[in-house]
Amino acid sequence: MTNEPIVVDFEGFADRRPVLAGVLVGRTFTQTAFTDVEPGIALAARGRRLECTDFPAFCAALIGRARREQRAIAGFSQHELTRIADGLGCAWPEDVEYIDAKKRAKAWRSARHPDAAASVGPERQRLRQKGERCRNLGNRLVDFVRLAGDEVPSGYDDGKVTDTLRRVLGQSDGRRRYRALTQGTREAWCRVLEHNRLDCVWARLFIRLGSSRSRGGRAGGKSEASA
C-alpha cells in the first residue's frame, strides 16, 4: 500500500481493554475515550474535547476506514493488533495489513546501530544477575527514540500513565465539571494525552526508518514530534 498507514496507540490498564486511543494519519491526529470501558473517563475526555464512544464501535470504524482508504493499520508491537481484534470479537481481518513499528525499529537499529543492537541482550542479562528488573529494557519505544537522536520531553512521564488514569477516574466520580478536578490532575491528564500523541508520532517515525533501512535510513536528527 502506498497510502500513509493509520497509526494507533492505546492507553489503559494491563489485561483490560484500553481507555484511550490516539490515531495519527498524515498530519491529522485525533483521540478517543472509551466510555463503555471506563464511564468515568467521559468528564476528563470532554474537558479536552475528545470523542467518546464504545470500544467495539471504534475498532469496527478503524477497520472500515483502513479498507475504504486502502491503508494499513500500525502500532508499536502487536499490542494494538491484539486489542483491535478483541474489540472486533474475531481474528484480525486478512484483507487489512498490520505494520508492527517495533519490528521496523529493530530492523533499523540492526542496520544503522549494530553495536547497540548487540548490547541489548547482555545488558538485560547483567541486570537480571544483579536482581534488577529489566522488563523490556532496550526495546522500549523511548530506547529507540533516544538512539535515533531525538529528545524525550521531560513531561513524557513514561510509566506514569496508569497512575494518572486512576487519579482522573477517582476524582471524576460524582463530579459534573472538568474544572472540578484538581489542577494537578488536569495537568497530569494533559501529559497523558501528549504522551499518547508522541507514541503515535514516534511509531510512525520508525515505520519510515525501518522502511528506508535498505537506502541507508538516517543516523539521527529531529523527528516529527511537533507535527
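This is a predicted model: local features need pLDDT of at least 70, side-chain atom pairs count only at pLDDT 80 or more; totals for chains, interfaces and linings use all residues.
**View 1. Strand E1 and its two neighbouring strands.** Strand E1, which spans residues 6-11, pairs with strand E2 (residues 20-25) in the antiparallel sense over five bridges, and within this pairing Glu 11 stands opposite Leu 20 of E2. E1 is also joined by two bridges to strand E5 (residues 73-75), and here the two strands run parallel; the bridge partner of Ile 6 in E5 is Ile 73. The strand is mostly covered, with six of its six residues buried.

**View 2. The aromatic pair of Phe 10 and Phe 55.** Among the 10 aromatic pairs that the structure holds is the one formed by Phe 10 and Phe 55, which is edge-to-face, with 5.7 Å centre to centre and 70 degrees between the planes. The pair links distant parts of the chain, for Phe 10 belongs to strand E1 whereas Phe 55 belongs to helix H2 (residues 55-69), and the two residues are 45 residues apart. Both Phe 10 and Phe 55 are buried, and together with Phe 34 and Phe 58 they form one aromatic cluster.

View 3. Arg 204 is found in helix H8, which covers residues 183-211. Because its relative accessibility is 2%, Arg 204 counts as buried, the cut-off for that class being under 20%. A polar atom of the Arg 204 side chain lies 2.5 Å from the backbone oxygen of Gly 26.

**View 4. The largest pocket and its lining.** The largest pocket holds about 1100 Å³ of space and is lined by 30 residues, of which Glu 11, Arg 135, Asp 158, Gly 159 and His 195 lie nearest its centre. At least two residues of the lining are supplied by each of E1, helix H3 (79-88), helix H6 (141-147), helix H7 (161-172) and H8. By class, the lining comprises 11 nonpolar, eight polar and 11 charged residues.

Note on methods: Residues are numbered from 1 along each chain as its sequence is written. Side-chain values use heavy atoms; hydrogens and water are left out. Rings of Phe, Tyr and Trp (its six-membered ring) pair if their centres lie within 6.5 Å; planes under 30 degrees apart count as stacked, over 60 as edge-to-face and the rest as tilted. Helices (H or I, at least four residues) and strands (E, at least two) are DSSP runs, numbered from the N terminus. Buried means under 20% relative accessible area, exposed over 50%, partly exposed in between (1.4 Å probe, protein chains only). A polar contact is a pair of N or O atoms within 3.5 Å; within protein, one must be able to donate a hydrogen and the other to accept it, and residues adjacent in sequence count only if both atoms are side-chain atoms. On a 1 Å grid over the protein atoms alone, a cavity is a set of points where a 1.4 Å probe fits but cannot get out, and a pocket is an open set with protein on both sides within 12 Å along at least five of seven lines; lining residues have an atom within 4 Å of a point. Grid points are joined across faces, edges and corners, and a volume is the space filled by probe spheres set on the points. Ala, Val, Leu, Ile, Met, Phe, Trp, Tyr, Cys and Pro count as nonpolar, Asp, Glu, Lys and Arg as charged, and the others, Gly among them, as polar. Two strands pair if DSSP finds at least two bridges between them.
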